[in-house]
Amino acid sequence: MLFRSEGWATYLECLYVEHMFGYEDALKYTNGYKTKVQNRQPIIPVKGIHAEPPQDMYFKGALFLNTLRNVVNDDKRWFAVIHDLFQNFKYQTTTTEDVVQFFNKKTGMNLTPLFDQYLRYTALPRLELQFDAAGKNVSYRWNANVKEFAMPIRVGKKGAWQIIQPTTEWQTMPTALTRDEFEVATDLYYVTVQK
């Protein structure tokens with residue numbers, strides 16, 4: 001099962017906070033989980049080995065779902081997908097592969113590398129940023145265990161985010177922001193950043 005039901009239940013707490021108090025409070029609540037994640041072992045153990053998943057299945061699971069929501073970047077579609085997921089798989093035993101295939105089909109996106117990175121490895125994807133000496137360009141890439149890892153992310157300035165499509169290969173774009181001004185929306189994605 002996809003990080004069992006604990007990750008989902010914890011994420012649903014975040015959605016409850018959003019419903020009761022609004023999106024900004026829900027983001028604060030969700031990001032409060034970051035200090036609870038230990039990242040000592042993968043959420044999904046190696047197949048064929050009976051191992052109890054770590055406590056990270058609660059908090060890292062919820063943070064991963066919040067990340068997926070922002071990757072999908074369409075709340076109407078996101079809530080339809082999670083509704084349909086529960087309707088489709090209720091009263092069934094499912095595998096991670098079943099859930100990933102369902103998400104891929106319903107979103108029209110290849111989310112397999114994201115599920116693999118967050119659930120099968122301990123390290124978070126790291127967005128590496130390099131600024132040229134003239135301060136007019138920024139190069140970026142993901143550093144991740146999954147070779148084909150690619151995930152869109154918002155960068156720039158809060159309120160005027162730009163979505164970039166980093167992969168594990170370097171890409172470059174122009175920027176009017178200095179290294180210190182250039183931000184990454186780490187409240188929307190559970191990632192690390194290296195400038």
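## Terms and model

In this report a residue is called buried when its relative accessible area is under 20%, exposed when that area is over 50%, and partly exposed in between, with a 1.4 Å probe and protein chains only. The model is predicted, so that local features need pLDDT of at least 70 and side-chain atom pairs count only at pLDDT 80 or more, while totals for chains, interfaces and linings use all residues. Residues are numbered from 1 along each chain as its sequence is written, and side-chain values use heavy atoms, with hydrogens and water left out.

Helices (H or I, at least four residues) and strands (E, at least two) are DSSP runs, numbered from the N terminus.

## The nonpolar core

A nonpolar core is a set of buried Ala, Val, Leu, Ile, Met, Phe, Trp, Tyr and Cys residues joined through side-chain atoms within 4.5 Å. The largest such core has 52 residues, and among them L68, F103, M151 and I153 touch the most other members. Two or more residues of this core come from each of the helices α1 (4-21), α3, α4 (75-89), α5 (96-107) and α6 (112-120), and from each of the strands β1 (126-131), β2 (137-143) and β3 (153-156). The largest share, 8 residues, is given by α3.

Contact means heavy atoms within 4.5 Å. Not counting residues up to four places away in sequence, F103 touches W8, L68, W78, V81, I82, L85, G108, L111 and F115.

## Aromatic rings

Rings of Phe, Tyr and Trp (its six-membered ring) pair if their centres lie within 6.5 Å, and planes under 30 degrees apart count as stacked, over 60 as edge-to-face and the rest as tilted. A search of the whole structure finds 13 aromatic pairs. In one of the pairs, the rings of F64 and F115 have centres 5.1 Å apart and planes at 80 degrees, so this pair is edge-to-face. The pair links distant parts of the chain, since F64 lies in helix α3 and F115 in helix α6, 51 residues apart.

Both F64 and F115 are buried. These two residues also belong to one aromatic cluster, which is formed by W8, Y11, F64, W78, F86, F103, F115 and Y118.

## Salt bridges between and within elements

A salt bridge is a side-chain nitrogen of Lys or Arg within 4 Å of a carboxyl oxygen of Asp or Glu, and a search of the whole structure finds 8 of them. In one, K106 is joined to D84, with the closest N and O atoms 3.7 Å apart. Because K106 lies in helix α5 and D84 in helix α4, the pair ties together parts that are 22 residues apart in sequence. K106 is partly exposed, with a relative accessible area of 38%, and D84 also counts as partly exposed, at 28% relative accessibility.

Between E128 and R141 there is another salt bridge, whose closest N and O atoms are 2.7 Å apart. E128 lies in strand β1 and R141 in strand β2, so this pair ties together parts that are 13 residues apart in sequence. At 7% relative accessibility E128 counts as buried, whereas R141 is partly exposed, with a relative accessible area of 25%. The salt bridge of R120 and D116 (3.1 Å, N to O) stays within helix α6, where the two residues are 4 residues apart, about one turn of the helix.

## R69 and its network

R69 has its place in helix α3 and is buried, with a relative accessible area of 3%. Together with E18 and D75, R69 is linked in a network of salt bridges.

A polar contact is a pair of N or O atoms within 3.5 Å; within protein, one must be able to donate a hydrogen and the other to accept it, and residues adjacent in sequence count only if both atoms are side-chain atoms. Such a contact, of 2.7 Å, joins the side chains of R69 and E18. Not counting residues up to four places away in sequence, R69 touches Y11, L15, E18, Y23, D74, D75, W78 and F79.

## K60, a buried lysine

For charge, Lys and Arg count as positive and Asp and Glu as negative, while His and the chain ends are not counted. K60 lies in helix α3 (residues 56-72) and is buried, yet has no salt bridge, the nearest side chain of opposite charge being that of D56, 5.6 Å away. The side chain of K60 does, however, reach the backbone oxygen of T122 at 3.2 Å. Not counting residues up to four places away in sequence, K60 touches V37, N39, I43, Y118, Y121, T122, L124 and Y190.
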